[in-house]
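Have a look at the picture first, then read on.

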Amino acid sequence: MTIRKYLVLLCVVVFGSIGDTFLARGMKEVGAIDVHHLAHVFSALGNPWVVIGIFALLGFMSSYMIALSFADLTYVLPATAIGYVFMALLSRFWLHEYISAQRWLGIVFITVGVGLVAGGPALTEHPPANASDTSETVEEETVEERV
Amino acid sequence: MKTLYTWLCIIIVVCTAAAGDVFIAQAMRRIGDLGELRRKQGLVSVLTRVLSSGALFCGIFFMALAFFSNLVGLSWADLSLMGPASAALTFVTNAIGAKFFLDENVDKRRWFATVFVCLGVLLLTTS
């Protein structure tokens, strides 16, 4: 894992958190959408917070896809869960919100989980697909030689 | 009855989100490291390979299903139930999907990590 790859994981965390936050703020301004008038959900696209949220989520999706191109799914998902910890710590030290003992325990659990997965290899090494083809060809040739 | 519908919705969200993640991961695995590809073949080649991947669009389709199932679930249940339940369970189903469909090496370390993160998310979001 290079610094560039850790930066991609950081982008997944940051864009995901920002996107969710902006979308939630925008949808609060738009108000509740009636189940019988679901088409009204498109009116939310005129809200600037929703638009910024969608752009942030596009950034999240791009960095998520890049992360999955060099690391396993079971590495990327737990590793990016550190975003929950950042959000909780931001709310404690920036917004001065109260964090209960249960939340601190949750933060410890996530940190341990992220530490565990980050300490291991990022990608499962699979033999290249043409390697098995080659072995099959060799086996076929050997059979032909025997015949 | 409403509780049954809510949990049915949570199960659909969890399964479709996991299917989406597995398809997208499979597509990106087949395409290869995007950073290296861009250096060797250029951005146009990377975009062509990404946009011609059927598995990627399957993944996006399942992600969209998960998103709309989540919206329906939120109309029946509180975010305080839907959010933690679907987020925590998705970690476990993704690990199972990655092991059996992506053939990832989900060893003890990764199982422990998944369970710790899952419990941590539950503790953080239900307090």
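1. Start with the inward side of helix α1 of chain A: its buried residues are V8(A), L9(A), V12(A), V13(A), F15(A), G19(A), F22(A), L23(A) and G26(A). Buried here means 20 or more other C-beta atoms within 10 Å of the residue's own, exposed means 12 or fewer, and partly exposed is in between, with C-beta atoms placed from the backbone. These α1(A) residues pack against α2 (48-70), α3 (73-80) and α4 (82-93) of chain A. Helices (H or I, at least four residues) and strands (E, at least two) are DSSP runs, numbered from the N terminus.

2. Before going further: this is a predicted model, in which local features need pLDDT of at least 70 and side-chain atom pairs count only at pLDDT 80 or more, while totals for chains, interfaces and linings use all residues. Residues are numbered from 1 along each chain as its sequence is written, and chains are lettered from A and ligands numbered from 1 in the order in which they are written.

3. The length of α1(A) checks out: at 1.5 Å a residue, its 28 residues (3-30) should span 40 Å, and the end C-alpha atoms are 40 Å apart. The expected span is 1.5 Å times one less than the number of residues. Just after this helix, G31(A) takes a positive phi of about 95°.

4. On to the largest nonpolar core, which has 65 residues. Helix α1 (residues 2-31) of chain B gives the most to this core, with 12 residues. A core is a set of buried Ala, Val, Leu, Ile, Met, Phe, Trp, Tyr and Cys residues joined through C-beta atoms within 7 Å. Those with the most contacts inside it include I110(A) and V117(B). Beyond its neighbours within four places in sequence, V117(B) is in contact with P78(A), A81(A), I110(A), G113(A), V114(A) and F91(B); contact means C-beta atoms, placed from the backbone, within 7 Å.

5. How many residues meet across the two chains? In chain A, 31 residues are in contact with 33 residues of chain B. On the chain A side, α5(A) gives the most, with 12 residues.

6. V112(A) lies in helix α5 of chain A. It counts as partly exposed because it has 16 C-beta neighbours inside 10 Å.

7. Chain B, finally, has 6 helices and 0 strands. Its C-alpha trace spans about 55 × 35 × 25 Å along its principal axes, and buried residues make up 39% of its 127 residues.

Methods
Two residues are in contact if their C-beta atoms, placed from the backbone, lie within 7 Å.
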